[in-house]
Amino acid sequence: MHGSDKQYDADYIELIGRQPSLDYNDKDDRDDQSIVSSNSSNEHQAMLPHRYSNLEMSNESRISLSSTALLVDPNNTDNNSQSMTKDTSVAKILAWQALPSLVISVIGLIMAGALMDKYKTWDMFIKTSELFILIPILLNLKGNLEMNLAARFSTSANLGDLDHGPTRRSLVVGNLALLQVQALISGAIAGVGAFALGLINNLGGDSATYFESMYIISSSMISATTSGAILGIFMCGLILLCRKLKVDPDNVACPMASASGDIVTLLLLGGCALVLSNRINTMFSTIIFIVLTLSLPLFSYMVWKNKHMKELLFAGWVPIIIAMVISGLAGVVLERYVGEYKGVALLTPVLIGLSGNLGSIYASRISTSLHGETKENCNVVEWTLLAMNIPIQIIFLIIIWAFQMGELHYTGWFFFAYFLVSMICTWICLKIGKYMTFGFWKMGYDPDNYVIPYLTASIDLIGTILLVLTFSLLTSFGADDMKLHVSQH
């Protein structure tokens, strides 16, 4: 597999369930392939994450055992008919494996949206508006960390790295310790960012206090580190189970990480905020902050001593910070309009969450293909994922209509407008995930650590703005029942 100049137009390893398109008349596939083949195999090897460089495995053992390898000659006259059959097979396998996890993720996102809708009525969220700004920032940061973990671990699984006992244990422990480091730092950053944005958004209002700032930061850090421990163990176990059941974790892990991460983090944030609110004007939150900060060197040392994870201790922070800023803008938009339109808090997590999950599946699959030097069938996967958005959004709309959730007045125009926005968001997210993954790979960065933060943050902002614009447009055409408070003149 590692020739000096690997020719993708000749023969290449093809994995069932991730078959490449053999139709080179397709412009998108040619464009994608030109990005990959523009570098030699040696250049690609240099760009592979160093966490795998010390693993003593043969090339054969690095090919996913959950797939069947076939050598393909694209000059064969039967390839056109074979291509159509294999394209159908790719779509069926992807849908069969990904749909259940996406449906579960939507249920989790509905619960997250219902929690957000409930939180807006709690006294502590009303009195401390920074908590509501904190929600999208924290969920985005935490979601990025867990989805990065899912993408890294899925790549490890598909390359066969988890089949070796000592390596598997080292990767599990190293990833969990790294997740704690990232969660503690991200939790603190999210708390500080939410507090700062709250100050900017509330200029001229009541002045914030030191105790209030520590209250927000401590609530954020506790939620982040606790959910990181719970979800890290869950994700590692899930991917190992996928490996055992011969299911491609790229199709399952990211949606499960997103959905479970949102609901667990929101529950923990609400609980922490409620408990700490009774001691908001004491040093209790400060003590918690100090204890959590002192635990950071311990987890950092564990990562530093792990040869597979050491280099990741300082890698990938730039996209996470930039993603936080972008999500902060989405949080400001959400905080501004959540009290104006009915259902915004319920619809937002599902709209941006499902789009982000579909885009993350796509990016994770492409990243694994690049690491394994196989070719992803981009067109088939892209259209399959876009089509999968349709039944899932229909199920979501039926659920919220049947249970009359979000205090919304459900009309045909509302359903049409929301469905259109969801399709636009999903299409944008798939395109962003595709070109970012190829772009970062070409620049020499591991997409598993860089793409998802930018992807999810971008769709957070785009989806929130599009949803608010949709509500604004509908109300301007007379749907005043979508407003929480109709002005009396």
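**Figure 1. E373 in the loop between α11 and α12.** E373 has a relative accessibility of 5% and therefore counts as buried (buried means under 20% relative accessible area, exposed over 50%, and partly exposed in between, with a 1.4 Å probe and protein chains only). The loop that holds E373 lies between α11 (344-372) and α12 (378-402); helices (H or I, at least four residues) and strands (E, at least two) are DSSP runs, numbered from the N terminus. Phi of E373 is positive, near 55°, in a residue other than glycine. This is a predicted model, in which local features need pLDDT of at least 70 and side-chain atom pairs count only at pLDDT 80 or more, while totals for chains, interfaces and linings use all residues. Residues are numbered from 1 along each chain as its sequence is written, and side-chain values use heavy atoms, with hydrogens and water left out.

**Figure 2. The whole protein chain.** The protein chain contains 14 helices and two strands. Of its 489 residues, 58% count as buried. Among contacts with a separation of 6 or more, 86% come from residues 24 or more positions apart; contact means heavy atoms within 4.5 Å.

**Figure 3. K246 in the loop between α7 and α8.** K246 is placed in the loop that lies between α7 and α8. Although K246 is not a glycine, its phi is positive, about 60°. Is K246 buried or exposed? K246 counts as exposed because its relative accessibility is 52%.

Figure 4. Two packed helices are described by the angle between their axes and the distance between the axes. Helix α6 (residues 165-201) and helix α7 (residues 210-244) have axes that come within 8 Å and cross at roughly 155°; axes are lines fitted to C-alpha atoms, for helices over the stretch in contact, and angles run from 0 to 180 degrees between N-to-C directions. That makes α6 roughly antiparallel to α7 (under 35 degrees counts as roughly parallel, over 145 as roughly antiparallel, 65 to 115 as roughly perpendicular and the rest as oblique). The α6 and α7 crossing is right-handed; a crossing is right-handed if the near helix is turned clockwise from the far one by less than a right angle, and left-handed if anticlockwise. For α7 and helix α8 (residues 253-277), the axes come within 8 Å and cross at roughly 150°. α7 and α8 are therefore roughly antiparallel to each other, and α7 passes α8 in a right-handed crossing.

**Figure 5. The largest nonpolar core.** This core has 116 residues, of which L385 and F396 touch the most other members; a nonpolar core is a set of buried Ala, Val, Leu, Ile, Met, Phe, Trp, Tyr and Cys residues joined through side-chain atoms within 4.5 Å. Helix α5 (residues 130-158) gives the most to this core, with 16 residues. Neighbours within four places in sequence aside, F396 is in contact with V106, I110, L347, V350 and Y418. A second, separate core has five residues, including A363, Y450, V451 and Y454.

**Figure 6. C429 in helix α13.** Helix α13 (residues 412-443) holds C429. The relative accessible area of C429 is 0%, so C429 is buried. Its contacts, leaving aside neighbours within four places in sequence, are S355, G356, G359, L455 and I459. C429 and I462 are 33 residues apart along the chain, and their C-alpha atoms are separated by 9.6 Å.
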